[in-house]
Amino acid sequence: MKQHITAAILAFGLAAATAGHAQEAAVPAGYPADYAAVIEGSRSEGGLVIYSNMADNNWQPLLEGFRAAYPWIKVETLDLGSGTVHSRWEAEAGSGSRTADILISGANDRWAAYAGDGRMLDYQSPELAALPGFAHPAPGIYTLSADPLVITYNAALLPEGQRPTGFASLVAMAAEDRGTFDGKITTYDAARNSFGLAAWWSYLNAKGGNGWAELAKIGPMIRGEVSGGAMNEKIATGEYVVGLAVSGITIFPRLDQPGGELLGFAFPDDGTIMMLRGMGIPKGTANPNSAKLFIDYALSHAGQTLLGKGGLTPLRDDVDEAEVRYTYQGIEKTVGKDNIVVAGFDKGLIAEAAPFVEKWKAAMAGH
């Protein structure tokens, strides 16, 4: 991953700020003139707290760019499980305690529940015209990134011929060689994890009965986890040999770290899940101007490029793939549009969650 921040990205920050608290910040090009009031209003606020399911290495490039643009805004990020992002905020909301100014997660059932219920601030970003339709699925809800779920594997333990290229190929390999794969496959446990629930609900809805039948063939060989980072570490140590539908943002930066050479990955050739990562500003936040500035920066060309440098997948089609690891459009071209499964904010996740989880448990038992 390129570590430098290009002149084009710095331009956003330099146009908005130089060093120090008292500097004037220019309204970004193309924004309405009254945006100056948002910038000025942020100066008297208390910074930002962001609850997300993103690690520090995912955040670092974006936060550096944002601080260059608005250095008076202190940003604190908490890396939580997708479901915890929401349950913690919901418990704290209205209590008077310091809580999140922005929520970001892959708990798509929660975002589906928030759609239209008035809990998120209905903010219209000046970046909207430059974004794809799925970037703003409901009032108050944005999509920060569209991240692939990939197959990860231990490259030292699985030779070339045993590295699955998709769900079907993994099922076939596991059936032929139970000794290698039994108890050595992992994925997000849809019964215990909101992120896994959204991913597998979307995938199996797309694949239908055949997908369920294939899952039941290897279900008893799978040991579920609730964290992509834990899956990758256990694959690297050999506790698992392969991970199915693992979040790309957990594996991509890991490849550049010590021991990364032990890991490999593939975009599933028979259905790559693209998880829409939701983002919103809760109504009643104490720092609404700072939150708006952050939302707009994260959705800008500069912000999306920096997100790509942190391992997320930009959704804007004007991000140069040479500047990042992957883009949504590049992955779609690699696997084919028909092999993209978008995991969005479908309200069916709420209505069907309980029966889906029971069916999932049965498939994990081989039924």
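Predicted model: local features only at pLDDT ≥ 70, side-chain atom pairs only at ≥ 80, totals over all residues.

User: What makes the ring pair of W200 and W360 tilted?

Analyst: The ring centres of W200 and W360 lie 5.4 Å apart, and a pair requires centres within 6.5 Å. Their planes stand at 50°, whereas stacked would need under 30 degrees and edge-to-face over 60, so the pair is tilted. The pair also links distant parts of the chain, since W200 belongs to helix α8 and W360 to helix α14 (residues 348-364), 160 residues apart.

User: How many aromatic pairs does the structure hold, and why is the one formed by F167 and Y203 called edge-to-face?

Analyst: There are 20 aromatic pairs in the structure. For F167 and Y203 the ring centres are 5.6 Å apart and the planes meet at 80°; because edge-to-face applies to planes over 60 degrees apart, the pair is edge-to-face. This pair, too, links distant parts of the chain, with F167 in helix α6 (residues 167-176) and Y203 in helix α8 (residues 194-218), 36 residues apart.

User: How do you know whether F167 is buried or exposed, and what about Y203?

Analyst: The cut-off for buried is under 20% relative accessible area. F167 has 5% relative accessibility and therefore counts as buried, and Y203, at 3%, counts as buried as well.

User: Which residues form one aromatic cluster?

Analyst: The cluster is formed by W59, F66, Y70, W72, F294 and Y297.

User: Why are helices α3 and α12 described as roughly antiparallel?

Analyst: The axes of α3 (residues 56-69) and α12 (residues 301-309) come within 6 Å and cross at roughly 150°. Angles over 145 degrees count as roughly antiparallel, and the two helices are therefore roughly antiparallel to each other. The crossing in which α3 passes α12 is right-handed. At the contact, P61, L62 and G65 of α3 meet G303, L306, L307 and K309 of α12, a set with 4 nonpolar, 2 polar and 1 charged residues.

User: What makes α2 oblique to α11?

Analyst: The axes of α2 (residues 35-42) and α11 (residues 288-299) come within 7 Å and cross at roughly 120°. Roughly perpendicular covers 65 to 115 degrees and roughly antiparallel begins over 145, so α2 is oblique to α11. Here α2 passes α11 in a left-handed crossing. The residues that meet are Y35, A37, V38, I39, G41 and S42 in α2 and N289, S290, K292, L293 and D296 in α11, and by class they divide into 5 nonpolar, 4 polar and 2 charged.

User: Where does E261 lie, and why does E261 count as exposed?

Analyst: E261 lies in the loop between α10 (248-251) and β8 (263-266). Exposed means over 50% relative accessible area, and E261, at 62%, therefore counts as exposed. From C-alpha to C-alpha, E261 and A236 are 9.1 Å apart in space, and 25 residues apart in sequence.

How values were computed
Residues numbered from 1 in each chain as written. Heavy atoms only, no water. Axes fitted to C-alpha atoms, helices over the stretch in contact; angles between N-to-C directions. Helix = DSSP H or I, 4+ residues; strand = E, 2+ residues; numbered from the N terminus. Parallel < 35°, antiparallel > 145°, perpendicular 65-115°, else oblique. Left-handed = near helix turned anticlockwise from the far one by under 90°. Contact = heavy atoms within 4.5 Å. Nonpolar A, V, L, I, M, F, W, Y, C, P; charged D, E, K, R; others polar. Phe/Tyr/Trp six-rings, centres within 6.5 Å; stacked < 30°, edge-to-face > 60°. Buried < 20%, exposed > 50% of the residue type's maximum accessible area, 1.4 Å probe, protein only.
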